[in-house]
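User: I would like to learn how to read a model like this one. Can we take the features one at a time?

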Amino acid sequence: MYKGIAAGAVAGAVGTWAMSEVQRLWTRVVDGGAPESAGGRHDARDWQERSEQQNSNELAANAVGSYFLGRSLTREELRVGAPLMHYMFGAAMGAVYGAYTERRQADRTGAGFGTAVWLAADEIAMPLLGLSDSTARRPVEMHLQSLVAHLVYGTATEMTRRSVRAQFGGRGTSRPQRDDT
């Protein structure tokens, strides 16, 4: 179980990087320029900033900063804090996924995992926690960008999890081990 959690955490961080790169590419294609956010290249969720002034990672980093430091973070601190929140969340979700895959042995691509994270986090939890506007107010393009990015996150997480898990010894794939003797 611990190997699965560790492999999932590493994979979730890699998946978060892949997701950010897709979001960055999407923004360049749609808007003709690189996204702008406090985290720069490492936090390409600028589609939220277009309508909300700050993205969810900046808001979460500010909430943590306020709790521990008793103040809001500066823009310079957000350059580190916002991507850190995103990567920590991605790694945490990857760790949960890694634990799940240790128990549930089946072929998977990661697309279901990415879709579940998109639905639970972006579409439901973030608006409920006040980290984004209501999803009903977002244009279809924002939903689509987020879904595609999360599909990439899930797929990259699964591919990396398999590889890392194989390095730890044991199951790299999700298939159950067969003993034909």
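Analyst: Start with charged side chains. Glu-158, Arg-161 and Arg-162 are linked in a network of salt bridges. Keep in mind that this is a predicted model.

User: What is the general idea behind such a pairing?

Analyst: Side chains of opposite charge can pair when their charged atoms come close. Here, Arg-161 and Glu-158 meet in a salt bridge, at 2.9 Å from N to O.

User: Where do Arg-161 and Glu-158 lie?

Analyst: Both are in helix 6. Three residues separate them, about one turn of the helix.

User: Is Glu-158 buried or exposed? And Arg-161?

Analyst: The relative accessible area of Glu-158 is 0%, so Glu-158 is buried. Arg-161 has 2%, so Arg-161 is buried. The cut-off for buried is under 20%.

User: How many salt bridges does the structure hold?

Analyst: Six. One of them joins Glu-123 and Arg-138, with the closest N and O atoms 3.7 Å apart. The cut-off is within 4 Å, so that pair counts.

User: Which parts does the pair of Glu-123 and Arg-138 tie together?

Analyst: Glu-123 belongs to helix 5 (residues 111-128), and Arg-138 to the loop between helix 5 and helix 6. The pair therefore ties together parts that are 15 residues apart in sequence. Glu-123 and Arg-138 are both buried.

User: Which residue forms a salt bridge with Arg-71?

Analyst: Glu-77 does, and the closest N and O atoms are 2.8 Å apart. Arg-71 has 37% relative accessibility, so Arg-71 counts as partly exposed. Glu-77 is partly exposed too, because its relative accessible area is 29%.

User: Now the fold. How many helices and strands are there in the protein chain?

Analyst: There are six helices and zero strands. Along the sequence, the pattern reads α-α-α-α-α-α. The protein chain has 181 residues, and 46% of these count as buried.

User: What describes two packed helices?

Analyst: Two numbers do: the angle between their axes and the distance between the axes. Take helix 1 (residues 2-31) and helix 6 (residues 140-167). Their axes come within 6 Å and cross at roughly 145°. Helix 1 passes helix 6 in a right-handed crossing.

User: How do the residues of the contact of helix 1 with helix 6 divide?

Analyst: The contact has 16 nonpolar, 11 polar and four charged residues.

User: What lies in the segment after helix 6?

Analyst: Gly-169 is in that segment. With a relative accessible area of 28%, Gly-169 is partly exposed. Gly-169 and Lys-3 are 166 residues apart in sequence. In space, their C-alpha atoms are 8.7 Å apart.

User: How do I read the surface? Which residues form a nonpolar patch there?

Analyst: Look for nonpolar side chains that have accessible area and are joined within 5 Å. In this model, Val-64, Tyr-67, Phe-68 and Leu-69 form such a patch. Together they have about 490 Å² of accessible area.

User: Where is the place of Tyr-67? Is Tyr-67 buried or exposed?

Analyst: Tyr-67 is in helix 3 (residues 56-69). Its relative accessible area is 66%, so Tyr-67 is exposed. The cut-off for exposed is over 50%.

Definitions and conventions:
Residues are numbered from 1 along each chain as its sequence is written. This is a predicted model: local features need pLDDT of at least 70, side-chain atom pairs count only at pLDDT 80 or more; totals for chains, interfaces and linings use all residues. Side-chain values use heavy atoms; hydrogens and water are left out. Axes are lines fitted to C-alpha atoms, for helices over the stretch in contact, and angles run from 0 to 180 degrees between N-to-C directions. Helices (H or I, at least four residues) and strands (E, at least two) are DSSP runs, numbered from the N terminus. A crossing is left-handed if the near helix is turned anticlockwise from the far one by less than a right angle, and right-handed if clockwise. Ala, Val, Leu, Ile, Met, Phe, Trp, Tyr, Cys and Pro count as nonpolar, Asp, Glu, Lys and Arg as charged, and the others, Gly among them, as polar. Patches are made of residues with over 30% relative accessible area and no salt bridge: like charges are joined within 9 Å, nonpolar side chains (Val, Leu, Ile, Met, Phe, Trp, Tyr) within 5 Å. Accessible areas come from the Shrake-Rupley method with a 1.4 Å probe; for residues, only the protein chains shown count as cover. Buried means under 20% relative accessible area, exposed over 50%, partly exposed in between (1.4 Å probe, protein chains only).
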